[in-house]
Amino acid sequence: MDRPASNTRLAIVAAFNRLVLSTRRARPPVAPLLREAGVARSTLYSHFDDRDALLLEAMKGPLSVLADALMS
């Protein structure tokens, strides 16, 4: 079943976050990430240039909460 691109991107970020929390590694290996997200390597790299770009995307959520708290 195909998912819209935005859902795929969210699934990749969510899988990345789960792996970071479970492995305690900021840059988990790609193979487990692909399995966790249920995507192919080409799909991962069509959404993100590399794991660092994925890390930055994953950090936007938590960091935006902190930024909002500082602005209040």
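**Packing of helices H1 and H2**

H1 and H2 pack at an angle of about 125 degrees, and their axes lie 9 Å apart; axes are lines fitted to C-alpha atoms over the stretch in contact, with angles from 0 to 180 degrees between N-to-C directions. H1 is therefore oblique to H2, the class left after under 35 degrees (roughly parallel), over 145 (roughly antiparallel) and 65 to 115 (roughly perpendicular). The contact (heavy atoms within 4.5 Å) involves Ala 11, Ile 12, Ala 15, Phe 16, Arg 18 and Leu 19 of H1, together with Pro 32, Leu 33, Glu 36 and Ala 37 of H2. These residues divide into 8 nonpolar, no polar and 2 charged.

The model is predicted; local features need pLDDT of at least 70 and side-chain atom pairs pLDDT 80 or more, while totals for chains, interfaces and linings use all residues. Residues are numbered from 1 along each chain, and side-chain values use heavy atoms, without hydrogens and water.

The protein chain has 4 helices and 0 strands, assigned as DSSP runs (H or I, at least four residues; E, at least two) numbered from the N terminus. Buried residues (under 20% relative accessible area, 1.4 Å probe, protein chains only) make up 25% of the 72 residues.

Leu 33 touches Ile 12, Ala 15, Phe 16, Leu 19, Leu 44 and Leu 54, residues up to four places away in sequence not being counted.

Terms used:
Ala, Val, Leu, Ile, Met, Phe, Trp, Tyr, Cys and Pro count as nonpolar, Asp, Glu, Lys and Arg as charged, and the others, Gly among them, as polar. Buried means under 20% relative accessible area, exposed over 50%, partly exposed in between (1.4 Å probe, protein chains only).
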